[in-house]
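Look at the sequence and the structure first, then read on.

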Amino acid sequence: MYIGIDVGGTNLKAGLVDESGHLVAVERTPLDFQSPEQFAAATAHLAAAVARKGSVGPEEIACVGMGLPGAVSHDTILFITNIPMQNVPIVKLFRQHFDVPLLLGNDADCAAVGEFFCGAGRGCQDLAVVTLGTGIGCGLVLGGRLRGGVASSEGGHITICQDGELCNCGRRGCWEQYASATALIRETKAAIAAHPKSLLHELAAQNGVEGKTVFQAAEAGDETALMVCQTYVRFLADGVISLVNMLRPEVVAIGGGVAGAPDALLLEPLRELVNRESYARHGGRSTQVLRAELGNDAGILGAALLQRAI
C-alpha cells in the first residue's frame, strides 16, 4: 500500500492507494501553515489518519509520496512561493511523527505520474501533462521515468512572445502569461470591456467571469467569445508544439479546469494545430493530444506512485 499527499494552496489531501492504483481511502484537512515543523506534523498526522481509515498499519505502507507546489530535492523543500518554506528538511521532520519512507515531488510532476499509470498515459512510454490553472504546470514522464527524477519541469516559462506580458518569474512573454486560466480570464475581461453588447458581456454580468465563461458564450455562438477562444487556443498550441518538437511524446494530456471546455472549442482545434505545425510530423510519429482523465485525484495518485517513476 502507498499514501499520496497533495499539498494545495488552502488544503491538504491524503489518499491510501493500493498496488493497482486504486484509491482506498481519502482524508482532507485545511492547510493552516504556522511553521515548517507544524506543517511536517500536520502532513504526518494526515498520513496516519488515512492509513487508519483504510485499516492499514504503518508497517504495511511501502512509502508516502508528497506533491508540493514548488521546487524540491530528494529530501528537502527547496522553495515554495505561496507557502513560506525554503530549504526545509521535510523528510527528517515528517519521519519524526510518521516513520515511513517519504518521497517528494513537484505537484505537476505528480499529476504526470498519476496520469501515466492510471489515466490518459496508460500504456505509453512518453507522456507530457500540461495543467492549465493559475499558471501552467508541466510534468514529463519519458521512457517510463519522471524526467530528472524528482526535479520538476517549468514548461510554463517557455517564451512564446518576446518582450510580452511580464511574468511572475521576472521574464516577459512566458507561455503561462498567454495560455493559463489566469490569462484566459484576463483576455475575457478585456473582450467584455471592448464589446459591451455581446452575449459574453451579458453572461459575465449575470455570473461573473471564470475560465469557463468564454466557452459558454462561444458555444451559444457569440462572435466575441469565439474570437477569444481561437486566440487562446493559438497561444496554447504554441507551447504544446514546442514541447512536441523538443520531446516527441506519445501523448500530451491537457488538465486543469480549462480542459473541461467543449472539444469543439479546445481540444479539436488544438489537435489540428499540433498535427499541422509540429516538426515531429515529418518523423512518422504523431503525438496524441488528450484530455487528462484523473481530475483532482491526479496529484494524490501520482504522489502515491512516485517511487515507480523515479
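## Around helix 8

Just after helix 8, R248 takes a positive phi of about 50°. Helices here are DSSP runs of H or I with at least four residues, numbered from the N terminus. The model is predicted: local features need pLDDT of at least 70, side-chain atom pairs count only at pLDDT 80 or more, and totals for chains, interfaces and linings use all residues. Residues are numbered from 1 along each chain as its sequence is written, and side-chain values use heavy atoms, with hydrogens and water left out.

How far apart are the end C-alpha atoms of helix 8? They are 36 Å apart, which agrees with the 36 Å that 25 residues should span at 1.5 Å a residue. The expected span is 1.5 Å times one less than the number of residues.

## Helix 8 and helix 9

Helix 8 covers residues 223-247, and helix 9 covers residues 267-277. They pack at an angle of about 45°, with axes 9 Å apart. Axes are lines fitted to C-alpha atoms, for helices over the stretch in contact, and angles run from 0 to 180 degrees between N-to-C directions. Helix 8 and helix 9 are therefore oblique to each other. Angles under 35 degrees count as roughly parallel, over 145 as roughly antiparallel, 65 to 115 as roughly perpendicular and the rest as oblique.

In helix 8, the residues that meet helix 9 include V233, L236 and V240. Their partners in helix 9 include L270, L273 and E277. Contact means heavy atoms within 4.5 Å. The contact of helix 8 with helix 9 has ten nonpolar, no polar and two charged residues. Ala, Val, Leu, Ile, Met, Phe, Trp, Tyr, Cys and Pro count as nonpolar, Asp, Glu, Lys and Arg as charged, and the others, Gly among them, as polar.

## Helix 5 and its partners

Helix 5 (residues 181-194) and helix 6 (residues 199-207) cross at roughly 115°, and their axes come within 8 Å. Helix 5 and helix 6 are therefore roughly perpendicular. T188, A191 and I192 of helix 5 make the contact with L200, H201 and A204 of helix 6.

Helix 5 also packs with helix 8, at about 150° and with axes 10 Å apart. Helix 5 and helix 8 are therefore roughly antiparallel. L184, E187, T188 and A191 in helix 5 meet T224, V228 and Y232 in helix 8. This contact has four nonpolar, two polar and one charged residue.

Methods
Helix = DSSP H or I, 4+ residues; strand = E, 2+ residues; numbered from the N terminus.
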